[in-house]
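Colleague: I would like to learn how to read helix packing and helix faces in a model such as this one. Could we go through it together, step by step?

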Amino acid sequence: MPDVEHLQELHGLPVFDFPEPDHEGELPAAASVAWRIATRIWEDPEPFEVVFERFLETVDTAAVRAIIIGPWGEAYDNDSSRVVDRLVAARDRLTALAAVFIGDLEMEEAEISWIEQSDVTPVLTAYPALREFGVRGGTGLSLQAVRHEHLRTLSFETGGLPADVVRGVGASDLPALEYLEMWLGVEEYGGDCTVEDLAPLLAGDRLPNLRHLGLQNSEEQDAIAAAVAAAPVVARLESLDLSMGVLTDEGALALLEGQSLGHLKWLDLHHNYIGEEMGQRLREALEPSGVELDLSDDDADEDEWEDGEIMRYTAVAE
C-alpha cells in the first residue's frame with residue numbers, strides 16, 4: 001500500500017501519540033502538537049471511547065488545535081461512527097480545534113480498503129471554525145452537501161472514493177477552501193466516480209479560493225486529464241496533481257492541447273505511464289514557464305496478459 005503512512009504533522013504541528021494510562025512523562029502543551037488518539041489493536045486495548053474520554057480529562061481541551069484519529073478498534077469490524085459521535089459530543093470542549101484527520105492507519109494496521117468509515121458530515125457541521133479536514137479509507141464513507149465558511153483544506157485518501165462523496169463535495173459551498181485532494185481509486189474497491197460527477201468541482205463555482213486541486217489515484221486518469229484540460233477552475237490554480245493513477249500519453253496529450261498550464265507553480269504527474277517522448281514534450285512545453293513538473297516513477301508496474309491486454313495499476317487500491 002504505497003504512499004500511505006502515518007501522518008507526521010497536521011496543521012503545521014508535529015504528531016504526538018496520546019500515551020497509555022501508565023505514562024509517567026510530562027505531556028506537551030496542548031496547543032503545540034497534533035494529538036494522535038488511537039487504541040492499541042495488538043495489545044489488550046482500551047476501548048476507543050475510554051481512550052478518548054481519558055484524553056478529554058487529561059489535556060487542556062480548550063487549547064487543542066489538531067486531532068488525528070488512528071485505529072478505533074479492528075478497522076474491518078468497526079466503522080468510524082463512534083469517532084464521529086465523540087468528536088461531535090466534545091465540540092463545546094474542543095473550542096480551538098482547527099484540524100481533524102480520521103483514519104491514520106498504515107498497512108500493518110489495516111489495508112486502506114479495510115478501513116470502515118461512515119458519514120463524516122457531522123464533524124464539519126459541529127466545528128464551523130475548522131480549517132483542515134481529512135479522511136483515509138473510502139469503505140462506507142459518506143459526505144453530505146454542507147456550507148462551511150472557514151475550511152481551507154479537504155482531503156480524501158482512498159483506494160476507492162464513493163461517487164456520493166464526490167457529489168457531496170461538488171454540491172457543498174466552501175468559499176474559503178484552498179486545497180482539495182481526492183484519491184479516486186478503482187471501481188473494485190468502491191471508486192465509482194465518473195468524470196460527470198467531477199463537473200461541479202471542475203467548474204469551480206462553489207470553490208472561489210481554490211488554489212490546489214488533486215484528482216489522483218484513478219484508473220480513469222486519462223479521461224480526468226481531458227476534462228481538466230478544459231476546466232474553468234484550472235485558471236485560478238497554483239498547483240495541480242494528477243498523480244498515482246493510470247495516466248498515459250493520451251491523457252498527457254490532452255493536457256498539452258488544452259488550456260495553458262504555464263501559470264502553475266507545479267504539476268504532479270508522478271506514478272504514470274507516460275512514454276519518454278511525451279514526457280519530453282511536457283517538459284519542453286511547461287518548464288520554460290517555470291512549472292515544476294514531476295514525472296518520477298514513469299515506469300509504474302504493468303502486466304501483459306496472454307491475450308495481449310496490458311494491465312496498469314493505480315498506486316493505491318486494496
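Modeller: Helix α5 passes helix α6 in a right-handed crossing, where right-handed means that the near helix is turned clockwise from the far one by less than a right angle, and helices are DSSP runs (H or I, at least four residues), strands likewise (E, at least two), numbered from the N terminus. The model is predicted, so local features need pLDDT of at least 70 and side-chain atom pairs count only at pLDDT 80 or more, while totals for chains, interfaces and linings use all residues. Residues are numbered from 1 along each chain as its sequence is written, and side-chain values use heavy atoms, with hydrogens and water left out.

Colleague: At what angle do α5 and α6 pack, and how far apart are their axes?

Modeller: Two packed helices are described by the angle between their axes and the distance between the axes. Here α5 (residues 195–203) and α6 (residues 221–228) pack at about 35°, with axes 11 Å apart; axes are lines fitted to C-alpha atoms over the stretch in contact, and angles run from 0 to 180 degrees between N-to-C directions. Val195, Leu198 and Leu202 of α5 meet Ala223, Ile224, Ala227 and Val228 of α6, contact meaning heavy atoms within 4.5 Å.

Colleague: Which residues of helix α2 are buried?

Modeller: An α-helix has 3.6 residues a turn, so residues three or four places apart point the same way. In α2 (residues 81–89), Val83, Val84, Leu87 and Val88 are buried, that is, under 20% relative accessible area with a 1.4 Å probe, protein chains only. Seen down the axis of α2, these buried residues fall within an arc of 125°, so they line one face of the helix. They pack against α1 (48–58), β4 (66–69), β5 (99–102) and α3 (121–126).

Notes:
Buried means under 20% relative accessible area, exposed over 50%, partly exposed in between (1.4 Å probe, protein chains only). The arc is that of the directions from the helix axis to the C-beta atoms.
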